[in-house]
Amino acid sequence: MNLHQFAETHEVTNQPPSLDGTNLYRIDLPLQEWSRRFGAGWAESRIDAYGALAGGPLMEAGFLANQNKPVFASHDRYGHRIDLVEFHPAYHELMRTAIEHGLTSLPWAHPQDGAHVARASMTYLHSQAEAGSGCPLTMTFASVPALRLQPDLAEQWLPKILATEYDPRNVGMAHKAGVTIGMAMTEKQGGTDVRANTTKAYPVGASGPGQAYELVGHKWFCSAPMCDAFLTLAQTDKGLTCFLLPRHRPDDTRNQFYIQRLKNKLGNQSNASSEVEFRGALAWMIGEEGRGVPTIIEMVAMTRFDCMVGSSSLMRQALTQASHHCAHRKVGGKLLSEQPLMQNVLADLALESEAALALSLRMGKALDHLNDRHEAQFARLVTAVGKYWICKRAPGMINEAAECMGAPGMSKTASCRACTAKRR
Ligand SMILES: Cc1cc2nc3c(=O)[nH]c(=O)nc-3n(C[C@H](O)[C@H](O)[C@H](O)COP(=O)(O)OP(=O)(O)OC[C@H]3O[C@@H](n4cnc5c(N)ncnc54)[C@H](O)[C@@H]3O)c2cc1C
């Protein structure tokens, strides 16, 4: 008798082949079509290269970054306050790759027809590999229009925001070639209604735009708290005002920015979201005093755009997984993709996915042509409406895609990042 004859209990059949290492751009005809049509044809080789990264090393890094959540240390082993969030190296790899490929800077650093569309197309690919890093990437990208409202601060910070260099070290901005930016608006008593913010700003010397203040208060949500600076809101005598608050003071000491704890979230695991307190934190006023909401809306509008791109991206990855599964899985002796009812479902999913992508990239085109009045009005309206619609549709669409895969679609062992992120 062969001793090994019982070692193999069965042959694995009727399972789809792995998608690992697939270039996500080359299998995405709608992305190829819409990115070209909206002006990013010149960037095709860059987007294609990012598609290979997203379907390969970044996808792998995405799993690692979500399996190994960030860890917060309030103090070091000797009792000094450090307020440090440590991330898995895979998270840093995701951030570095994205920043080096211009995902935080391309249309601002090299404005041209199709630049927003090209950057959105690469972001769409990145988010399919990993969505959590999209939070600081987006906020860094989105901070630029708001910062430009305060030219003296913009002059100091923009060269480092737009540099394609990632430096996660816990040191002041003077020591870094590249920096990342976050956003802290939400307080316990009001998120939608930021006018309810109670954080107070006290002038250090002279008051007004560009001047230094000390901020006292709290923020109930501050994602990516290892960013180098944050756009935040605080009350002055003239009302709610926008400020830029760095994590380190110009003399390299830590700013009075204290992380209370990390949020325990349902998804978005790779990215840290925190609660913070400002205890006399040094910050500089951005834009007109008392006009904090219109100032920070310049940033919020750009984050809404990326919410459209990000949710469209999750829908696309869900569709990719579902259609791949159905093209290889037989039920009742016939491939699922040949079964009329499944064809109906897959066609609906494909339509919804492509519609979300087309609207997102159409929005990118509008951002590339803001000097055209019609495009500016389109952008003003569609950042809000498009974000609402696509983000609302994404969970239902992804759930349907997961069902197409049967039990693997509902299991954490499934390789669908969108579905696993949603279930956690
Ligand atoms: C993962 C994650 C990360 C986040 N990161 C950040 C961050 O980095 N920085 C930051 O500042 N914030 C952050 N937030 C907070 C987020 O911006 C707020 O949660 C959001 O603004 C909503 O505020 P709220 O939670 O206080 O809800 P509320 O304002 O209490 O609203 C509750 C619900 O009521 C709805 N609603 C509000 N007004 C109306 C109305 N007039 N009619 C009908 N419905 C209404 C809202 O849409 C919402 O569904 C984060 C949130 C999450 C989930």
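**Helix packing and the ligand shell**

The crossing of helix 1 and helix 6 is right-handed, that is, the near helix is turned clockwise from the far one by less than a right angle. The structure is a predicted model, in which local features need pLDDT of at least 70, side-chain atom pairs count only at pLDDT 80 or more, and totals for chains, interfaces and linings use all residues. Residues are numbered from 1 along each chain as its sequence is written, and side-chain values use heavy atoms, without hydrogens and water.

Helix 1 spans residues 29-40 and helix 6 spans residues 115-129. Helices (H or I, at least four residues) and strands (E, at least two) are DSSP runs, numbered from the N terminus. The two helix axes come within 9 Å and cross at roughly 160°. Axes are lines fitted to C-alpha atoms over the stretch in contact, with angles from 0 to 180 degrees between N-to-C directions. Helix 1 and helix 6 are therefore roughly antiparallel (angles over 145 degrees).

The residues around the ligand (a heavy atom within 4 Å) include M183, T192, S223 and K265. Strand 3 (181-184) and strand 5 (212-223) each supply at least two shell residues. Strand 5 gives the most, with 3 residues.

Polar contacts are pairs of N or O atoms within 3.5 Å. A polar backbone atom of M183 lies 2.8 Å from a ligand nitrogen. An N or O atom in the side chain of S223 is 2.8 Å from a nitrogen atom of the ligand. A polar side-chain atom of T192 lies 2.6 Å from a ligand oxygen. The protein covers 38% of the 980 Å² of accessible area (Shrake-Rupley method, 1.4 Å probe) that the ligand has on its own.

Conventions. A polar contact is a pair of N or O atoms within 3.5 Å; within protein, one must be able to donate a hydrogen and the other to accept it, and residues adjacent in sequence count only if both atoms are side-chain atoms. Angles under 35 degrees count as roughly parallel, over 145 as roughly antiparallel, 65 to 115 as roughly perpendicular and the rest as oblique.
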